[in-house]
Amino acid sequence: MMHFADSLTFSGRKVVAAWAALPFPASSGSSLPDILSAHQQDVPWKLLSSWREQKVSCCFAQSVVLRGICKENPTSRPGQPRWPLQSGESPGQVLQQYLHSHFPGAFSLSHVLQQPCDTRPPFPQFFSPLLSRRGFLVDKAQGSSSAGVESIPVLAALQSSPVLRSLLSGLGRALRVPNVRRCSSFFTAGLEQDDFQEALEELKTLSQCYETGFGAEGSEDEADSD
């Protein structure tokens, strides 16, 4: 995983963020262009972090894997409006076009696998009743079943994006709040005050590598430097 993350980082960046849609919001029988057309404003995956909710508007590099969407219905159903993603010749190309439309200029890797994620026991059954046994969205809640949801389509992504600027700078601020001199366990473990301060400065420098130069990030930088 470390080497894979390295392949998505450059210009001093060392960290990538994990995102996922579990399950991927898909209706049974819909083509991939149909599914993605419902998410033209916001991508259908969320940050896997305890940090506050973040919208991803751009990224530097990413790797996205979608699994469990069959190759059925490669084009939209009759009567639905045509849109650019219909020109894709395969699900992989459709996903790649979608990524380029949302993140122009970013280095993007994408893979589409037909096999879904197995969610049979002992996988926890925390899914909505609006999912079929195969993990697709349905109009009405399913009746109770001892088998539950047996598999789901999943999208997962690793991204090097400006969102990490907020995550890293927020971590730095949180670490500066407590007085580490009061935490004897830090020094019992061999940590020196100078080493701790150096690590905080390195964390701040790392967070600055994720700046984009736009006004929103600039105003946040000023707040972080206070």
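Start by selecting β3, residues 61-67. This strand is mostly covered, with five of its seven residues buried. Keep in mind throughout that the model is predicted.

**The sheet around β3**

On one side is β7, residues 154-160, which runs antiparallel to β3 and is joined to it by seven bridges. β4, residues 107-113, is also joined to β3 by seven bridges, but here the two strands run parallel.

Glutamine 62 has glutamine 159 of β7 as its bridge partner. Valine 65 stands opposite alanine 156, again in β7. Arginine 67 is paired with leucine 113 in β4.

Now widen the view to the whole sheet. Five strands make up an open sheet with mixed pairing, and their order is β2-β1-β7-β3-β4. At the edges are β2 and β4, each of which pairs on one side only.

Next select helix α3, residues 91-102. This helix lies across β3 and β4 and runs at about 150 degrees to β4.

Step back to phenylalanine 60, in the loop between β2 (46-47) and β3. Show its side chain together with that of tyrosine 210. The two rings form a tilted aromatic pair, 6.4 Å from centre to centre with 50 degrees between the planes. Tyrosine 210 belongs to the loop between α6 (193-208) and α7 (215-225), so the pair links parts of the chain 150 residues apart. Are these two residues buried or exposed? Both phenylalanine 60 and tyrosine 210 are buried.

Arginine 13 lies over the face of phenylalanine 60, at 3.6 Å from the ring centre. The charged end of arginine 13 also sits over the ring of tyrosine 210, 5.9 Å from its centre.

**A phenylalanine cluster**

The count of aromatic pairs in the model is four. For another part of that set, select Phe123, Phe126 and Phe127, which ring pairs link into a cluster. The rings of phenylalanine 123 and phenylalanine 126 are tilted, because their planes are at 50 degrees, with the centres 6.0 Å apart. Phenylalanine 123 is partly exposed at 25% relative accessibility, whereas phenylalanine 126 is exposed, with a relative accessible area of 51%.

**Backbone stops**

Two cis peptide bonds come next. One runs from leucine 22 to proline 23, with omega near 0 degrees. Proline 23 is in the loop between β1 (17-21) and α2 (32-37). The other runs from proline 121 to proline 122, with omega near 15 degrees. Proline 122 is in the loop between β5 (117-118) and β6.

Then move to serine 11, in the loop between α1 (2-6) and β1. Serine 11 has a positive phi of about 55 degrees although it is not a glycine. Its relative accessibility of 55% makes serine 11 exposed.

Select serine 151, in strand β6, residues 151-152. Serine 151 is buried, at 13% relative accessibility. Which residues does serine 151 touch, not counting residues up to four places away in sequence? The contacts are Pro116, Cys117, Asp118, Thr119, Arg133, Arg134 and Gly135.

Valine 163 is the other position, in helix α4, residues 163-176. Valine 163 is also buried, at 7% relative accessibility. Draw a C-alpha to C-alpha distance from valine 163 to cysteine 58: the two are 8.7 Å apart in space and 105 residues apart in sequence.

**Where to be careful**

Finally, color the chain by pLDDT. The average for the protein chain is 79, and 75% of the residues score at least 70. Over residues 72-78, pLDDT stays under 50, and the model has 14 contacts beyond four places in sequence for this stretch. Residues 214-226 also stay under 50, with 13 such contacts.

Methods
Residues are numbered from 1 along each chain as its sequence is written. This is a predicted model: local features need pLDDT of at least 70, side-chain atom pairs count only at pLDDT 80 or more; totals for chains, interfaces and linings use all residues. Side-chain values use heavy atoms; hydrogens and water are left out. Rings of Phe, Tyr and Trp (its six-membered ring) pair if their centres lie within 6.5 Å; planes under 30 degrees apart count as stacked, over 60 as edge-to-face and the rest as tilted. Helices (H or I, at least four residues) and strands (E, at least two) are DSSP runs, numbered from the N terminus. Buried means under 20% relative accessible area, exposed over 50%, partly exposed in between (1.4 Å probe, protein chains only). A charge sits over a ring if NZ of Lys or CZ of Arg is within 6 Å of the ring centre and within 35 degrees of the ring normal. Contact means heavy atoms within 4.5 Å. pLDDT is the predictor's confidence in each residue, from 0 to 100. Two strands pair if DSSP finds at least two bridges between them. Axes are lines fitted to C-alpha atoms, for helices over the stretch in contact, and angles run from 0 to 180 degrees between N-to-C directions.
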